[in-house]
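The following questions and answers examine a single protein chain.

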Amino acid sequence: MEKFPFLSEVFDSINEGIYILNRQGDYIYCNSAFLKMVGATRDDALGLNAFRLVPEGQVSISVAVMAFEQKKKLSVINNVCTPKGYHYRQLATATPIFDSVGEIE
């Protein structure tokens, strides 16, 4: 988001947690609401990878991984355990964006 600081400001004004992943599942952006929700710093969050969250026990299922696999928008109710031990349930939605040849961008 460094290229588009205005978008960061817009996303930070939204009360729902938002994060953006690259096609490898790495977190490349998260807004302030997401950081507050998971109790993490931006550096902590940007060190996450969606494909590691379930094996590491941080989520019961990963809607992002499911969206990668099924190549469609999905919503799930998920159990979350943050690295600091905070537990909560969330409604999570993943919306993949596709390139010109139908691959997730």
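Q: In which loop does Asn-15 lie?
A: The model discussed here is predicted. In this model, helix 1 covers residues 5-12. Asn-15 lies in the loop between helix 1 and strand 1.

Q: Is Asn-15 buried or exposed?
A: A residue is called exposed when its relative accessible area is over 50%. The relative accessible area of Asn-15 is 72%, so this residue is exposed.

Q: What distance separates the C-alpha atoms of Asn-15 and Lys-36?
A: Asn-15 belongs to the loop between helix 1 and strand 1. Lys-36 is 21 residues away from Asn-15 along the chain.

Q: Which residues does Gln-58 contact, leaving aside its neighbours within four places in sequence?
A: Gln-58 lies in the loop between helix 4 (50-53) and helix 5 (63-70). Although placed in a loop, Gln-58 is buried, because its relative accessible area is 12% and the limit for burial is under 20%. Its contacts are Leu-48, Leu-53, Asn-79, Val-80, Cys-81 and Pro-83.

Q: Which residues does Ser-60 touch, not counting those up to four places away in sequence?
A: Ser-60 also lies in the loop between helix 4 and helix 5. With 39% relative accessibility, Ser-60 counts as partly exposed. Its partners are Val-54, Asn-78 and Asn-79.

Q: How many Å apart are Ser-60 and Cys-81, C-alpha to C-alpha?
A: Cys-81 is among the contacts of Gln-58. Ser-60 and Cys-81 are 21 residues apart in sequence. Their C-alpha to C-alpha distance is 8.6 Å.

Q: What is the count of disulfides?
A: A disulfide requires a pair of cysteine sulfur atoms within 2.5 Å. The sulfur of Cys-30 is 18 Å from the closest cysteine sulfur, that of Cys-81, and this is too far for a bond. Cys-81 is in no disulfide. The count is therefore 0.

Q: Which elements are included in the cover over the buried residues of helix 5?
A: The buried residues of helix 5 are Val-63, Ala-64, Val-65, Ala-67 and Phe-68. Their cover includes strand 1 (19-21), helix 4, strand 3 (74-81) and strand 4 (87-94).

Q: What pattern does the protein chain follow along the sequence?
A: The secondary structure comes to 5 helices and 4 strands. Read along the sequence, these elements give the pattern α-β-β-α-α-α-α-β-β.

Q: What is the radius of gyration of the protein chain?
A: The C-alpha atoms fill a box of roughly 40 × 30 × 20 Å along the principal axes. For 105 residues, a compact globule would have a radius of gyration near 13 Å. The value for the protein chain agrees with this, at 14 Å.

Q: What share of the accessible surface belongs to carbon and sulfur atoms?
A: Buried residues make up 34% of the 105 residues. The accessible surface of the protein chain comes to about 6,800 Å². The share belonging to carbon and sulfur atoms is 57%.

Q: How far apart are the mean positions of the positive and negative charges?
A: The protein chain has 10 positive and 12 negative charges.

Key: Residues are numbered from 1 along each chain as its sequence is written. This is a predicted model: local features need pLDDT of at least 70, side-chain atom pairs count only at pLDDT 80 or more; totals for chains, interfaces and linings use all residues. Side-chain values use heavy atoms; hydrogens and water are left out. Helices (H or I, at least four residues) and strands (E, at least two) are DSSP runs, numbered from the N terminus. Buried means under 20% relative accessible area, exposed over 50%, partly exposed in between (1.4 Å probe, protein chains only). Contact means heavy atoms within 4.5 Å. The radius of gyration is taken over C-alpha atoms; the globule rule is 2.2 Å times the number of residues to the power 0.38. Accessible areas come from the Shrake-Rupley method with a 1.4 Å probe; for residues, only the protein chains shown count as cover. Lys and Arg count as positive and Asp and Glu as negative; His and the chain ends are not counted. The place of a charge is taken as NZ of Lys, CZ of Arg, CG of Asp or CD of Glu.
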